Amino acid sequence: MATRRNVLKLGMLGGAVAVTGVGMGPVLYGAQASGGDDSTTSSSPSPSQLASGNMPVPFRALFRRPPELVPYATGRDPDGQPFAKYSVSQRLGRVQIANGLLTTIAGFNGIFPGPTIRVPQGTRTEFRISNRLPAKGLLYPDTFNTVTHLHGSASLPQYDGYANDRTAPGRVKNYHYPNWQSARTLWYHDHNHLLTAQGVYSGLAALYMLSDPAEQAQLPQGEFDVPMVISDVMLKADGSLGYNDNGHSGLWGDIILVNGVPWPTMKVKPKIYRFRFLVASITRSYRFALSNGKPFYIVATDGGMTRKVEAVSSWRQGTAERYEVLIDFRSYKPGQTVDLRNLSNKNNVNFTNTGKVIRFEVVADSPSLMPGSRTLSSIPLTLDPGEHPTKDTGGIETMKLTPDMAVAKKVLRVKREGGEWTINGVTWEDVEDSGFRKCFSTPERNEVEQWTIVNDSGGWFHPVHIHLVDGKIIGRNTNGGKPFAWEKGPKDVFYAGENESITVLMQFDTGKHEGGRYMVHCHNLVHEDHDMMVQFAVGDLENNDPITADPPVLETVPEGFFASAYRLAYPAGT
């Protein structure tokens, strides 16, 4: 098992030595991060070591969508509830990012992003995840253990990806997901304590989409429903992954990937498209804007649809946040192009092309070849998420929570102390030392609490993720005390920028189960690993022990035994 002593040596694999300033932002290769809302370049040299001919060129490659996985079995339980069973293997694969070179990654089914899973609300899933990785890590010398977290799911603790519930190479875990929540964009990714950053950066990340009748009726589907997994990477001269976490402050690559493709071009019709943005970078945050200044329309946040559609010219998005936006291409002529840019935020480290993301090239309209594809005739002003799925058991729609419902008020103060990232001075090592009993909060099932996340530092931003629940932002110490226009829906990741505080209401709704222990952590995964993570317990913390209730078992079936397949692929570039 990885120990803190040896993991702390893993901050730099390939690249120049970096240091971190105390009390200021990240320092990369000796150059202070330039960052800022209007800054897209830095004086820092490129961290990739590629020859100029191997460096990918923006907008040369074609956009692609991750493949969608078909279940290997479907049916109904005795009580009539539908189920679907999926199987993936975590294994090495080779992908092309650099020109003329291949990059070895660790991915679900050996690809990045891994296969997308689409599930209707109310269909429970079993997700068999087999660790077929080599004995030693791709970016570290320790055992290549994994933990899989379905981010955005109200899962039982033993299936939530608890950081110490490790699956070793040669073992398998069958995760169970209830899928009772409203439609939303989720994602599944590695969550192995001390090594989550390396696992996700290596490629262990993929989308999981939950649908319901309200979402299907009101938002674009099929061809016009587009996944956008945004990440960044640095490469060594031979095309292999470079890794430098800059004294445990973070990793900023110089190559921006969209669904694993560097700066692609996507062909779009003169229609309204829905884009599901997930930031899967392990550190970098983004501020997205169109090169012609046209607006985006925010239609969903982490936890699903917003009731009011907000028009924004740009929005800020940190690691693990999901935003669904509409872009209206109806006024464009075939042959026109528009670029999605990254205006960046404070305390990012930016390079020559990190201000570019993707180019949209408008093509002539034509019939869709993908079944079920449909779009909208106009931009909606409002949306109706539908009836709350657990209202009969005391559940309350997140955006209808009010401060008077809160039975407790808590403060989470995120800061760096003694070289470690902490929450209220506590680290995950403290939780481990307590026998996993130390808890930040212990609400009862369906209780409402008010938490304020405080970031006193001017040198860091922290996207804070609260497992299990969706939250409603009711206040900020910036923006006139109100949530930003893009934050007015249910959230599970809260961007605590420099010297910002955020006040959030959440109900601890566990659906049909009795709860247990769940994590809270910074989703700058380098900060999480060193060691900005604590936990809370809903009800009795002994319920549903996240490590012992359903541990991984020895893998006994060969690769390919479960006949999973991919759905029909979309044409390249669309």
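## A cis bond in a loop

Let's start with D531, which lies in the loop between α5 (525-529) and β35 (533-538). Those element names come from DSSP runs, numbered from the N terminus: helices are H or I runs of at least four residues, and strands are E runs of at least two. A cis peptide bond joins H530 and D531, with omega at about 15°. This is a predicted model, in which local features need pLDDT of at least 70 and side-chain atom pairs count only at pLDDT 80 or more, while totals for chains, interfaces and linings use all residues. Residues are numbered from 1 along each chain as its sequence is written, and side-chain values use heavy atoms, with hydrogens and water left out.

F112 and P113 are also joined by a cis peptide bond, with omega at about -15°. You'll find P113 in the loop between β7 (103-108) and β8 (117-120).

## Positive phi angles

What's worth a look in the backbone here? Most residues other than glycine have a negative phi, and most peptide bonds are trans. H248 isn't a glycine, yet its phi is positive, about 65°. H248 sits in the loop between β15 (243-244) and β16 (255-258). With a relative accessible area of 11%, H248 is buried (buried means under 20% relative accessible area, exposed over 50% and partly exposed in between, using a 1.4 Å probe and protein chains only).

Then there's N347, a residue other than glycine with a positive phi near 65°. N347 is in the loop between β25 (337-342) and β26, and at 12% relative accessibility N347 counts as buried.

## Rings and charges

The structure holds 33 aromatic pairs. Rings of Phe, Tyr and Trp (its six-membered ring) pair if their centres lie within 6.5 Å; planes under 30 degrees apart are stacked, over 60 edge-to-face, and the rest tilted. Take F275 and F360: their ring centres are 5.3 Å apart and their planes are at 50°, so the pair is tilted. This pair links distant parts of the chain, 85 residues apart, with F275 in strand β19 (residues 272-279) and F360 in strand β26 (residues 356-362). Both F275 and F360 are buried. Ring pairs also link them into a cluster whose members include Y273, W315 and Y332.

K173 lies over the face of Y175, 5.3 Å from the ring centre, and the charged end of K410 sits over the ring of F440, 5.7 Å from its centre.

## Cavities

How many cavities of 30 Å³ or more are there? The count comes to five. On a 1 Å grid over the protein atoms alone, a cavity is a set of points where a 1.4 Å probe fits but cannot get out, and lining residues have an atom within 4 Å of a point. Grid points are joined across faces, edges and corners, and a volume is the space filled by probe spheres set on the points.

The largest cavity holds about 340 Å³ of space. It is lined by 26 residues, and S182, R184, H388, T398 and D470 are the closest to its centre. Strand β22 (residues 304-312) gives the largest share of that lining, three residues. The second largest cavity holds about 190 Å³, and among its 18 lining residues F112, Y201, S231, V233 and L257 lie nearest its centre.

Note on methods: Lys NZ or Arg CZ within 6 Å of the ring centre and 35° of its normal. 1 Å grid on protein atoms, 1.4 Å probe; cavity = no way out; pocket = protein on both sides within 12 Å on 5 of 7 lines; lining within 4 Å.
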